[in-house]
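Please look at the sequence and structure below before reading the points.

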Amino acid sequence: MKAHVRWLDAMAFEVESGSGHRQTVDGPPDLGGRERGPRPMELMLESLGSCSAVDVVHILQRGRHPVSGCEVEVEAERAETPPKVFTRIHLHFRVTGEALKDSAVARAVQLSAEKYCSASLMLAKACEVTHSHETLTE
């Protein structure tokens, strides 16, 4: 995997993934950022949430469970002083499907957290990462 980061101006940077997708990332206003894009630490949470969501949906689909929706709310706490690392992260999944079994969703979330989500497993080495879920039927 690769990424390329190029400074634009002020605290804005263009980032390009190895697969060619680009976006603008900006620093916080107190460092000169102008709200032109997400902040780097926000991207980490977005990456964690999307990595876990991909796993959960894939696991459910592979098990032929009737999943039709998946949302993840990611909340984090950070240290008060620099380097202001994450100290705690919680992911809450809302998974929807017709006649979807809660046990299947629970198992998919657990497998993602403990075996498949590389972002979650990596961050869990640095801080507490917890998961919860709710199953919504259509």
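Two strands count as paired if DSSP finds at least two bridges between them. The model is predicted: local features need pLDDT of at least 70 and side-chain atom pairs count only at pLDDT 80 or more, while totals for chains, interfaces and linings use all residues. Residues are numbered from 1 along each chain as its sequence is written, and side-chain values use heavy atoms, without hydrogens and water.

- Ala12 has Asp26 in E3 as its bridge partner.
- E1 (residues 3–9) and E2 (residues 12–17) are antiparallel and share six bridges; Val5 is partnered with Val15 in E2.
- Two residues separate E1 and E2 in a hairpin, and Ala10 in the turn has a positive phi of about 45°.
- The three strands form an open, antiparallel sheet in the order E1-E2-E3.
- E1 and E3 (22–26) are at the edges with a single partner strand each, so one side of each has no neighbour in the sheet.
- From one strand to the next, the twist averages 25°; angles run from 0 to 180 degrees between N-to-C directions, and axes are lines fitted to C-alpha atoms, for helices over the stretch in contact.

**Sheet E4-E5-E6**
- A further open sheet has three strands in the order E4-E5-E6, with mixed pairing.
- Its edge strands, E4 (69–78) and E6 (128–137), each pair on one side only.
- E4 and E5 (residues 86–97) run antiparallel, joined by ten bridges, and Arg78 has Phe86 in E5 as its bridge partner.
- H1 lies across E4 and E5, at about 35° to E5.
- H2 packs on the sheet and touches E5 and E6, its direction making about 155° with that of E6; contact means heavy atoms within 4.5 Å.

**Helices H1 and H2**
- The axes of H1 (residues 40–62) and H2 (residues 102–116) come within 9 Å and cross at roughly 130°.
- That angle makes H1 oblique to H2; under 35 degrees counts as roughly parallel, over 145 as roughly antiparallel, 65 to 115 as roughly perpendicular, and the rest as oblique.
- Residues of H1 including Asp55 and Ile59 meet residues of H2, among them Ala108 and Tyr116.

Conventions: Helices (H or I, at least four residues) and strands (E, at least two) are DSSP runs, numbered from the N terminus.
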